[in-house]
Amino acid sequence: MTDRTMVDGMSAPRLTLPLELRAVAITLALGALGYALFPDDLAFLTRLISIALLVLSLDLVTGYCGVASLGHAAIYGVSAYVVGNACLAGHSDPLLLLLVGAVAGAVMGLVSGALVTRFKGLPQLVLSIAVGQLVAALANKLSTLTGGSDGLSGISPGRIFGIYAFDMYGRTGYVFSVAVLLIVFVVLLRIVRSPFGLLCQAIKDDGLRARMIGARVYPRLVLMYGVSGVVGGIGGALNAINTGVVGLDSVGFERSAEALVMLVLGGAGSLWGALIGSIVFQVFEHYVSAANPFHWMTMVGALLIAVVLFAPKGLVSLGGLLAGRTASVLRRRP
Amino acid sequence: MSQSLLELRNVSMSFGGMRVNDDISFSIGKGERVALIGPNGAGKTTLVNVISGDLTPSQGAVQLAGVDVTGLPISDRVDAGLIRTFQITRLFKSLTVAQNVALAVMQRKGLTRQIFSSPMDRPDVRREWERALGTLGIAHLADRQVSKLAYGQQRLLDLAIGLALEPKVLLLDEPAAGVPSEESSKIIEAIDRLPSDIAVLMIEHDMDLVFKFARRVLVLANGKLIFQGDPAEVTHHQEVRRAYLGSYADARHAS
Amino acid sequence: MAWTGLSIGLDALSYGMVLFIISIGLSIMMGLMRVVNLAHGAFAMIGGYLASFALKNAGVGYPLAIVLTVLGTIAIAFPLEFLLYRRIYRKSDELTQILLTIGIAFVIIGVANYVLGPTTKPIPLPPLLSGPVDLGFRMIPAHRIFVVICGVCTAGLLWLLIDRTEFGIRLRAAVDNGDMAESLGIKTQILFSATFALAVGLAAFGGVVGAELLPVEPFYALRYMVTFLVVVSVGGAGSIPGAVAASILLGLADTTGKYLAPEYGEFFFYLAVILVVFLFPNGLLGRRH
């Protein structure tokens with residue numbers, strides 16, 4: 001393996017543009033593929049994209065900052081509720097609703113980041129869980145705002161740019177979601193390679209060393225939590241906009257745990273990993289879980305054990321390994 | 001007095017009743033090259049941690065260029081030019097060699113707040129991290145992942161990060177420990193070529209290196225500073241000999 | 001009002017004691033092996049299932065059923081220790097541990113659900129424990145008192161085990177300094193396995209005697225996964241008095257919250273958790289690392 005292959009254009013500006021263009025091309029191709037494979041189930045795909053944003057959001061704190069969180073759905077769910085309420089209050093422009101979701105997510109992200117990144121290890125993990133559970137309990141209690149266990153329903157967003165209405169087949173919603181995912185993904189590709197993004201990875205690797213180059217660790221982590229909140233908030237907003245309903249499941253522990261599973265399956269610390277993990281997991285879930293929800297649990301468990309034992313860096317590393325092997329096999333041949 | 005860059009005044013550090021550093025005072029001026037030696041367990045690394053801000057001393061004060069930094073966080077001391085390297089290599093292993101050093105450069109320049117742009121390749125930034133890598137002869141490794149470096153190369157990189165931060169006071173914690181000889185000569189060269197106006201405090205076991213490098217030697221034993229002065233005198237000093245011989249005797253006893 | 005207070009107090013105490021019996025094993029494991037074991041609750045659940053089977057299908061008496069349950073759960077869990085847990089003792093990062101042990105918990109839940117069905121399994125109490133006890137001024141369910149006694153005995157016996165036996169000395173040495181213990185000739189792997197067995201056994205015991213308060217059904221492992229972890233964190237990993245204090249405190253927070261403001265669910269419980277973790281990040285009685 002040459003040294004160049006490792007960096008993937010991280011150090012040379014000439015390569016920056018193609019990397020982002022490649023991301024756009026791949027995301028568009030995936031979007032088209034999804035449409036071709038599930039033309040009658042676009043609702044599933046829009047849901048998938050919304051969750052993928054949650055997983056990307058989690059990747060920013062877990063994969064890039066090393067903060068293991070089991071309460072990340074709090075960000076996603078709160079934004080979904082805020083967006084739902086904003087829409088019910090008459091602000092139905094989808095772009096405005098996205099903005100509302102992003103802001104709500106940012107606030108939630110900053111608050112939970114300020115709490116969670118104060119400590120490391122077990123206290124950190126427990127705080128992340130506690131924040132998530134606290135929000136879930138509140139969502140259940142404040143039924144005037146959340147609809148309690150019935151969920152918040154009747155959310156009907158207006159036309160995008162005042163032109164494109166959300167149709168009952170979910171076509172508009174799907175195109176809208178793919179576009180949002182694409183923009184977020186490209187922006188994140190830049191953010192994780194910015195000095196700020198690199199610094200967060202440095203903090204993950206060795207917090208003390210990062211301090212010794214002059215980094216203010218806590219504010220950086222809180223800020224990354226805020227960015228993560230924006231992404232998760234956009235995911236939550238998409239959920240509310242596309243489905244028209246926000247349920248308690250969107251803030252629950254299971255949602256947080258599942259997001260973590262998807263992230264690790266794909267590969268934490270890589271945006272592609274987050275994306276691949278959420279796609280593979282949810283497509284798999286779509287078929288298996290429908291067949292038998294109980295076997296589904298067993299299979300997810302077995303999958304997790306297998307990932308930890310055989311592919312600790314996720315599918316994305318397996319893919320890389322495979323590509324590397326194939327390349328070296330090809331090279332060996334005259 | 002204004003020439004003193006680093007000054008310790010009666011610094012003591014205790015862990016649960018154990019005095020690891022006991023009433024230590026010394027000062028290092030501009031351009032000075034000082035070595036800190038002492039037997040194992042003398043409290044050298046603790047002292048470095050106190051100076052760098054990883055630990056807050058139980059008593060006493062640390063001054064940097066006349067300013068009391070005793071209660072200040074690590075990052076403020078780094079901003080003021082107090083830089084350290086580590087005895088056990090600590091690097092950012094998920095980044096490349098270039099990114100490790102460039103991050104230090106960008107941190108110093110206040111660029112790590114930038115969240116969207118990528119100034120790593122801006123000419124002024126690039127020049128600096130390339131120079132730091134070049135000084136230590138590892139420029140050819142720039143794009144390599146740190147986790148794939150040999151140990152000696154990691155030590156060189158650790159020092160390169162230190163240099164990139166443009167220290168005024170540089171603390172080197174056993175910079176050449178465990179490094180193969182051809183690379184350790186690079187480390188020594190790099191230390192020789194450090195800007196002449198900065199103050200360097202080096203912890204080292206290798207007495208050859210100490211004699212080559214230091215104009216002044218501090219000896220720490222049982223947490224106390226028992227000698228400071230000319231390197232030529234240190235080997236004849238009674239108390240120093242006793243401290244070292246004592247520790248060897250103890251070591252033989254224990255094993 | 002005073003009666004309500006007494007009721008809350010007794011409920012909180014008995015709930016806290018169940019939390020303690022189950023969580024203390026996890027706490028010791030985390031103190032010694034530094035494993036965040038999210039499958040710990042699943043072992044308590046297995047204990048509950050085994051006890052239900054022994055009591056209802058095999059017609060064994062209650063005391064014997066408890067013994068069989070504890071041994072049976074250890075037997076079931078041991079292959080997992082051998083194949084999986086050993087890999088993550090002390091060295092793995094937290095994320096790996098979380099994922100592996102959540103994976104184990106999911107598999108156990110899935111299998112339990114498939115084999116035994118989604119219903120709650122009753123664990124019939126012997127007549128002595130199923131009735132009320134007349135304290136003269138008030139009737140109190142005998143089972144609550146039994147649970148409290150179990151908790152106190154567990155704490156006492158564990159203290160004896162750790163403070164007064166050879167095993168305990170080795171355990172403490174290994175907790176303080178694993179490498180040192182190894183170099184002194186303490187076989188840490190055997191010690192770890194024994195501790196794992198102890199932790200699983202305690203979980204199973206707690207699962208059985210606490211079944212009135214934490215009913216045994218497949219999602220038990222997931223439902224209380226977080227609760228047990230929280231108890232350990234609040235108490236401080238590896239600390240018995242810490243775990244006792246945390247269990248009682250959290251039992252009180254939860255029970256009081258549910259009595260006085262049931263619509264808030266676990267809000268007060270987690271509020272208490274956040275406050276305690278903030279004030280005592282190393283646990284109420286935990287040690288600094």
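This is a predicted model: local features need pLDDT of at least 70, side-chain atom pairs count only at pLDDT 80 or more; totals for chains, interfaces and linings use all residues.

Residues are numbered from 1 along each chain as its sequence is written, and chains are lettered from A, with ligands numbered from 1, in the order in which they are written.

Let's begin with chain A. Its secondary structure comprises 15 helices and zero strands; here helices (H or I, at least four residues) and strands (E, at least two) are DSSP runs, numbered from the N terminus. A compact globule of 334 residues would have a radius of gyration near 20 Å, and chain A agrees with its 20 Å. That radius is taken over C-alpha atoms, and the globule rule is 2.2 Å times the number of residues to the power 0.38. Of the 334 residues in chain A, 55% are buried. Buried means that 20 or more other C-beta atoms lie within 10 Å of the residue's own, exposed means 12 or fewer, and partly exposed is in between, with C-beta atoms placed from the backbone. Among the contacts in chain A between residues at least 6 apart in sequence, 77% join residues at least 24 apart; two residues are in contact if their C-beta atoms, placed from the backbone, lie within 7 Å.

Chain C can be read in the same terms. You will find 13 helices and two strands in chain C. Its radius of gyration is 19 Å, close to the 19 Å that the globule rule gives for 289 residues, so chain C is as compact as a globular protein of that length. The C-alpha trace of chain C spans about 60 × 45 × 35 Å along its principal axes, and 52% of its 289 residues are buried. For contacts in chain C with a separation of 6 or more, 75% are between residues 24 or more positions apart.

Chain B has nine helices and ten strands. For its 255 residues, a compact globule would have a radius of gyration near 18 Å, and the 19 Å of chain B agrees with that. Its C-alpha trace extends over about 55 × 40 × 35 Å along the principal axes, and buried residues account for 45% of the 255. Chain B is divided into domain 1 (1–81 + 168–255) and domain 2 (91–166), with bounds that come from an automatic or database domain assignment. The C-alpha centres of these two domains are 26 Å apart. Where they meet, eleven residues of domain 1 of chain B touch ten residues of domain 2 of chain B. On the domain 1 side, helix H6 (residues 181–192) of chain B gives the most, with four residues.

Now for the places where chains meet. Between chain A and chain B, the contact takes 30 residues from chain A and 37 from chain B. On the chain A side, H9(A) gives the most, with seven residues. That side divides into 15 nonpolar, six polar and nine charged residues, where Ala, Val, Leu, Ile, Met, Phe, Trp, Tyr, Cys and Pro count as nonpolar, Asp, Glu, Lys and Arg as charged, and the others, Gly among them, as polar.

Between chain A and chain C, the contact takes 32 residues from chain A and 35 from chain C. Which helix of chain A supplies the largest share of the side that touches chain C? H6(A) does, with 14 residues. By class, this side of chain A has 24 nonpolar, seven polar and one charged residues.

Finally, look inside chain A, where helix H4 (residues 73–88) and helix H5 (residues 94–116) pack at an angle of about 145°, with their axes 8 Å apart. Axes are lines fitted to C-alpha atoms, for helices over the stretch in contact, and angles run from 0 to 180 degrees between N-to-C directions. Residues in this contact include A:Ala74, A:Val78 and A:Val82 of H4(A), and A:Gly101, A:Ala104 and A:Gly105 of H5(A). The contact of H4(A) with H5(A) has eleven nonpolar, five polar and no charged residues.
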